[in-house]
Amino acid sequence: MSQFAPSPSVAAALEAGTPVVALESTIITHGMPYPQNLEVARQVEADIRAAGAEPATMAVIEGTLHVGLTDDQLEALAQARNVAKLSRADMAACMASGGTGATTVAATMIAAHLAGIKVFATGGIGGVHKGAEGSFDISADLMELAQTPVTVVAAGAKAILDIPKTLEVLETQGVPVIAYGQDHMPAFWSRSAGIMAPLRMDDPATIAAAHVQRAALGIPGGQLVANPIPAEAEIARDVLAPIIATATKDAQTHGITGKGVTPYLLQRIFELTEGASLTANIALVRNNARLAAAIATHLSDQAPSA
């Protein structure tokens with residue numbers, strides 16, 4: 001059987017050499033309520049098209065891996081219940097059993113690479129959770145970045161995570177972490193995590209060139225582009241810190257573990273910020289989509305082996 005099913009628009013873009021940007025689907029199924037999730041998904045896709053690229057939202061629907069969704073499929077996924085949250089470990093199992101699942105960063109990278117898509121825009125990557133020295137809770141996203149050659153544009157790691165430890169794991173795995181247009185690492189809802197970034201680049205062309213050079217050197221894995229949230233949309237780090245601490249304590253009190261931690265924390269922070277965190281999240285996802293489209297445009301001019 002075919003490994004994936006491209007949507008008609010994605011198939012046409014890949015055939016024509018038009019730049020394509022991958023998008024995850026957990027933000028639709030696990031990140032926002034209906035109909036806001038559908039509205040945001042359509043807006044992000046529109047942002048990518050306006051920038052001259054084609055969006056490819058990934059999802060497994062009834063056992064088939066879809067690379068790009070039609071609008072009808074997007075609407076159905078936005079309203080679906082009990083959708084699995086897929087990563088490297090369970091993606092094949094979901095497909096084999098005919099299930100439906102939304103792709104995380106790791107699963108989206110796998111799907112993108114399978115389809116020959118080099119750039120992926122998301123909100124924030126997973127990483128090392130606070131207290132990981134006891135729980136060993138480390139996202140599969142980090143290992144995926146170490147082995148799958150996709151450039152991932154995100155607003156850094158989610159601010160609920162242990163960002164210094166996340167950077168340490170990425171460094172150990174040989175993943176380039178590139179802050180876009182600033183020296184400090186962004187922290188999802190905030191423009192700065194108060195930590196210097198390992199690398200800095202100031203234009204999409206250089207980021208695209210680094211992707212190509214990495215492949216030419218035979219170095220496996222992708223690169224993480226940490227794109228700060230627009231200044232007008234950020235929530236200051238000192239405002240967020242006590243809110244994140246409260247949400248984390250609440251998760252521990254309720255015994256939330258594993259894949260349930262991130263959705264719980266994001267929902268709790270949404271409540272504690274009276275919705276401001278979701279407004280910021282939408283702004284940063286759209287910002288990342290625009291940058292990803294610019295990088296993909298530069299990469300589309302490179303050799304097919306890039």
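The chain contains 13 helices and eleven strands, where helices (H or I, at least four residues) and strands (E, at least two) are DSSP runs numbered from the N terminus. Its radius of gyration, taken over C-alpha atoms, is 18 Å, close to the 19 Å that the globule rule gives for 306 residues, so the chain is as compact as a globular protein of that length; the rule is 2.2 Å times the number of residues to the power 0.38. The model is a predicted one, in which local features need pLDDT of at least 70 and side-chain atom pairs count only at pLDDT 80 or more, while totals for chains, interfaces and linings use all residues. Residues are numbered from 1 along each chain as its sequence is written, and side-chain values use heavy atoms, with hydrogens and water left out.

Along its principal axes, the C-alpha trace spans about 50 × 40 × 35 Å. Of the 306 residues, 52% count as buried (under 20% relative accessible area, with exposed over 50% and partly exposed in between; 1.4 Å probe, protein chains only). Among contacts (heavy atoms within 4.5 Å) between residues at least 6 apart in sequence, 74% join residues at least 24 apart.

The largest nonpolar core comprises 88 residues, among which I117, I125, W189 and I295 touch the most other members. Helix α13 (residues 276–299) gives the most to this core, contributing twelve residues. A second, separate core of ten residues includes L38, A59, L69 and L74. Such a core is a set of buried Ala, Val, Leu, Ile, Met, Phe, Trp, Tyr and Cys residues joined through side-chain atoms within 4.5 Å.

Helix α6 (residues 105–115) is mostly covered, with eight of its eleven residues buried. These are V105, A106, A107, T108, M109, A111, A112 and A115. Just after α6, G116 adopts a positive phi of about 85 degrees.

The largest pocket is lined by 39 residues, of which K85, K158, T262, P263 and L266 lie nearest its centre. Two or more lining residues come from each of α2 (26–29), β5 (84–86), α8 (140–147), α12 (261–272) and α13. Helix α12 gives the most to the lining, with five residues. A pocket is an open set of points on a 1 Å grid over the protein atoms alone, where a 1.4 Å probe fits, with protein on both sides within 12 Å along at least five of seven lines; lining residues have an atom within 4 Å of a point.
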